[in-house]
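We will go stop by stop.

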Amino acid sequence: MSSFVTEVLASSGKLEKDDLACKISKLSRKVEETKGEVTDMINKKYTEFIPSMEAAEELVDQVESVSKDIDLLKSCIENEVKQNLHDAVTEYAKLKQQLERNTGVIGMLQHLQEFDTAMEEYHRALQEKNYVAAAKQHGVARSNVDALKAWKDTELPLLRALSSEITIQRENLIYHLGEEWQKLAVWKLPSTKELTSMKSFLTTALHLNTGASMEDDSVPNPLLTSILQALSVQGELHKKIKLFGQVLFKYMLKPLILYPALVVEVSSQPEQGTVLSLQCEETKAEHPNPIQVYTKVLTVLKTLHKQLFDVFVGEKKVSEILGELIWEEMSDCIIRECLVHSIPTNSSQLAEYSEVIKQTEDFESSLKKMGYLTGDSTDLLKYARNVNCHFASKKCQDVIVAARKLMTSEMHNTVKITPDYKLSIPKLPNPPGGEKEKKKEVVKKGGYHDQQNLENEKQLGQQTLCLPVCRISESVQQLMDLAIRTLSEAVGSSPQCAVQLFYTVRNIFHLFYDVVPTYHKENFLKLPHLAAIQHNNCMFIAHHLLTLGHQFKPHLPLKNGVAYFVDLVPGFRRLGARCFVAQMNVQKAEMLERLSTARNFSSLDDEENYSVASKAIRQVIHQLRRLGKVWQDVLPVNIYCKAMGTLLNTAICELINKIMMLEDIANEDGDRLRTLCQTIIEEGPLVFIPLPDENKNKKYQEEVPVYVKKWMSLKELSIVLSASLQEIVDRWAEGKGPLAVEFSCNEMKSLIRALFKNTERRAAALTKIVK
């Protein structure tokens, strides 16, 4: 066994050359086999030499010794293997680092070689004006420099030099391309300070020196293609086209859209190439015509497409890039400055607008063929097609503007309204399912089998529900005519437009309700004439609003339950009444202020007091006469008489109240008070002059008691002031006489005490003043 272990240990030096794993496996198997042999040997020896215990003990010692040797062998093998593995890994890492360094050096050398080759090709292509190849080679060189920058050692002087060179050559290429671009399109522009009128744009011109001819544009110029594609490769094409588009729109396209007299002229010259210039033509048009605008814009863009932009850069044409940059601004300008003004102002012109829609479609179709425009429907075409909505909006805006202008105009100009006045409503088409069809249906159902005459024997008068004679503002008459015309427009329009126009008419009346009282507020308070006209205006509008909805209801596509205009009637009546009542209050205040200077009508035996009181009465009469003249032939007769009667009644009430408050009335005072009362009695009826014809006014002057509530009280007071006690008692007639009708017992007793001294006769008379 010892020889076997020695052999094993001697052969362990060869492990470096053999497969370690295989050796370990073999040794393990050997150890196991040795253990088996030793065990078998022990068993055999044990059976054969049982008597000999000493031999057995010796064998056990030998086995233990072998086991120790085996453990020592395992430990030696494991330490040897570990050391060999560590040395192998260390050597592998060193070799890997060396390989990476060598590979990196080789890569750098390859990039440097490719950079050098690309720069040589770049310079050659640049000299030959092969700008696309130059741009591509510059891109190759730049990618190699970028690859070199990825290495850790980026601070190499060589790398910095390469980066600087690549930047310089890029700027050099862009400079050459810029020079070539400037030769392709040369602008002649007016000074920005001169852009104040159409004539300032007449100096605008664009010279296209692309080498292409106007006749044959099937093959683009190779140099043009090279320049545009090289600009695209360098990322500069978008900037160039953007700047070009801005100048093109500002100095050529926009003026052509704005000014109808401006036209574009395309000429071809041998030295200058193709020239686009602006010229002026005489025209009377205030706003540009859409069809003419489309023609002018297409002339410019077609020329640019043929001469300059019919070139692919990648998957796009250059014309598409230009279109993306200018289309939105250009289409907005066409809509704002051209299509807005072309919208019809009358529904009868809507059918003719189909030509504008067709031309808009053709305009966009041409732009799509040239690549300026992509997509299906644009805002420009949508605007043109939505003409009904725009017509309604424009019509509504124009109507509101016209209405407000009428509302803020002078109200002094008036027209006379008579009972036979009617609004001039045009003939409206028969609505579907009209009266005739309804009658036929009723007859079919048996509703008209009995043809008896069901009319009443008493008929209403011809002037029933007619407006009384009065004067209204001419502007209000025009306002109603405007409302009628707008509703008539709605009848022949599309449902959407009709609804919009209908509510615009309602808005007219809402606007009147808000604007007129505010705008003319001061004049309504200062000028009674205008207050009366405003009262009539409101009543005139309210009167026609009652039937206006009924007249147009069958022809408008409105839902059932819409109030039309009837709901506005009470508001207008209140508005007119409120304005006139405010003026009445102003007149009452002036009247009472004048009467307040009469010193309470006391002590009239004093000449000064009487003069002051007489003057106050005269001023009141004069005020009423002047007011009667102002309102004459303006207010309806019944309103006129009620208004004058109310004011005169106010003056009479004030006079009666002041007299009844006197505690002592001397004979002379009574006479002079009676004189003042008689002045009003005689001259008061003369203020009732509602009509210019004096003879026709007598009727209303005789009806003064109807309109002046205290008229008879004034007459009775005038009698009492000069009557005796017996006459007063007789007119009282035990509470049944005319005097008792106008005055109460206390009022009459107080007046008797003021007129007569305290005597038995007065006491007897006072006892008879009872009811």
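Is Lys 658 buried, partly exposed or exposed? Select Lys 658 in this predicted model: at 21% relative accessibility, Lys 658 counts as partly exposed.

Next, select Arg 672 and Glu 607. Their side chains meet in a salt bridge at 2.4 Å, N to O. This pair links distant parts of the chain: Arg 672 is in helix H21 (residues 667–683) and Glu 607 in helix H19, 65 residues apart. Arg 672 is buried at 14%, while Glu 607 is partly exposed at 48%.

Move to Lys 416 and Asp 633. Their closest N and O atoms are 3.4 Å apart, in another salt bridge. Lys 416 lies in strand E7 and Asp 633 in the loop between helices H19 and H20, so the pair ties together parts that are 217 residues apart in sequence. In the whole structure, a search finds 21 salt bridges.

For a network, select Arg 170, Glu 171, Glu 236 and Lys 239; salt bridges link them.

Go on to Thr 360 in helix H10. Thr 360 is buried, with 0% relative accessible area. Its side chain makes a polar contact with the side chain of Tyr 294 at 2.8 Å. The Thr 360 side chain also reaches the backbone oxygen of Val 356, at 2.8 Å.

Last stop: the surface. Glu 328, Glu 329, Asp 332 and Asp 379 form a negative patch. Helix H9 (residues 318–342) gives the most to it, with three residues.

How values were computed. Residues are numbered from 1 along each chain as its sequence is written. This is a predicted model: local features need pLDDT of at least 70, side-chain atom pairs count only at pLDDT 80 or more; totals for chains, interfaces and linings use all residues. Side-chain values use heavy atoms; hydrogens and water are left out. Patches are made of residues with over 30% relative accessible area and no salt bridge: like charges are joined within 9 Å, nonpolar side chains (Val, Leu, Ile, Met, Phe, Trp, Tyr) within 5 Å. Accessible areas come from the Shrake-Rupley method with a 1.4 Å probe; for residues, only the protein chains shown count as cover. A salt bridge is a side-chain nitrogen of Lys or Arg within 4 Å of a carboxyl oxygen of Asp or Glu. Lys and Arg count as positive and Asp and Glu as negative; His and the chain ends are not counted. The place of a charge is taken as NZ of Lys, CZ of Arg, CG of Asp or CD of Glu. Helices (H or I, at least four residues) and strands (E, at least two) are DSSP runs, numbered from the N terminus. Buried means under 20% relative accessible area, exposed over 50%, partly exposed in between (1.4 Å probe, protein chains only). A polar contact is a pair of N or O atoms within 3.5 Å; within protein, one must be able to donate a hydrogen and the other to accept it, and residues adjacent in sequence count only if both atoms are side-chain atoms.
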